[in-house]
Amino acid sequence: MTTSTSPTVVIVPGLRDHVADHWQTLLAERLDTVRTVPPLERDKFSLAARIAALDDVLTDIDGPVVLVAHSAGVAITVHWAQRSTRPVQGALLATPPDLEEPLPAGYPTLEDLEQGGWEPVPRRRLPFPSVVAASTNDPMARFRRVAGMAESWGSRLVDLGAVGHLNPAAGYGYWPYAEELLRELIDSTAAAALS
C-alpha cells in the first residue's frame, strides 16, 4: 500500500498500453509517487477488464489519487467513475477518442468497441474535478465532439491546438505541459479541499 499526503498519480494508458517514448511513460519516470495500470494479457478490447485493472491499482493505494488518462484511457476512466465510489482528487484527461464515430484504419471498429462494452460514452458529470486536454486536429475525435464531452463531464477544457492524437506518431514523446496541467490540477483541488 502507498500512503502519502500528496496524491498518488495513476497513469491510465489507452488501448496501445505502454509505449516507451509516450508522454505518459516519460511523465511516470519523472514523478515520485506514481502507479501505472498494467497492460492486459487477454481481453484487450474488453472495457470491463480494463476497468477492473484500473480498480485493482486503485485498491492498493491509500490516500488521495489523481488520474492521468490518454486516449481510450479517458474512456476507461469515465466509465470507471460512473460505477465506483472510490474518491479521486482529480483527473487529467488527454485527447479522448470519439468511440461513437468510426476510428481511423488500424483501430478497433465500431462493432469491436460495441462488443467490448465501450458504447455509449458516459455523458454524466464526473464526481471529481477534471481537465480535458483536446487537440484541434485529432484523427480520433473532432474538437467539437470532445468539447461536448468535457462539458457533459463538468471538465475544464484546454485547447492544445493542432497536436494530433498527442502520441509518438504525432511527434509527442516528452510533453512538458502535462506536468504543468497536473500541478495546476493538484494545487487547485488541494486548495478547494482546504476551504
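This is a predicted model: local features need pLDDT of at least 70, side-chain atom pairs count only at pLDDT 80 or more; totals for chains, interfaces and linings use all residues.
Mentor: Residues are numbered from 1 along each chain as its sequence is written, and side-chain values use heavy atoms, with hydrogens and water left out.

Trainee: What makes strand 1 and strand 3 a pair?

Mentor: Two strands pair if DSSP finds at least two bridges between them. Strand 1 (residues 8–12) and strand 3 (residues 65–70) are joined by 5 bridges and run parallel, so they meet the definition. In one of these bridges, Val-9 has Val-66 of strand 3 as its partner. Helices (H or I, at least four residues) and strands (E, at least two) are DSSP runs, numbered from the N terminus.

Trainee: Why are strand 2 and strand 6 said to stand at the edges?

Mentor: The open sheet has 6 strands in the order 2-1-3-4-5-6, with parallel pairing. Strand 2 (34–36) and strand 6 (156–159) each have a single partner strand, so one side of each is left without a neighbour in the sheet.

Trainee: How do you know which residues line one face of helix 5?

Mentor: Val-146, Met-149, Ala-150 and Trp-153 of helix 5 are buried. Seen down the helix axis, the buried residues fall within an arc of 100 degrees, so they line one face; the arc is that of the directions from the helix axis to the C-beta atoms. On the other side of helix 5, Arg-144 and Glu-151 are exposed. An α-helix has 3.6 residues a turn, so residues three or four places apart point the same way.

Trainee: What do the buried residues of helix 5 pack against?

Mentor: They pack against helix 3 (72–83), strand 4, strand 5 and strand 6, where contact means heavy atoms within 4.5 Å.

Trainee: What makes the unit of strand 3, helix 3 and strand 4 right-handed?

Mentor: A crossover is right-handed if, with the strands pointing away from the viewer, the path from the first strand over the helix to the second runs clockwise. Strand 3, helix 3 and strand 4 make a right-handed β-α-β unit. Strand 4, helix 4 (residues 110–115) and strand 5 make a right-handed β-α-β unit too.

Definitions and conventions:
Buried means under 20% relative accessible area, exposed over 50%, partly exposed in between (1.4 Å probe, protein chains only).
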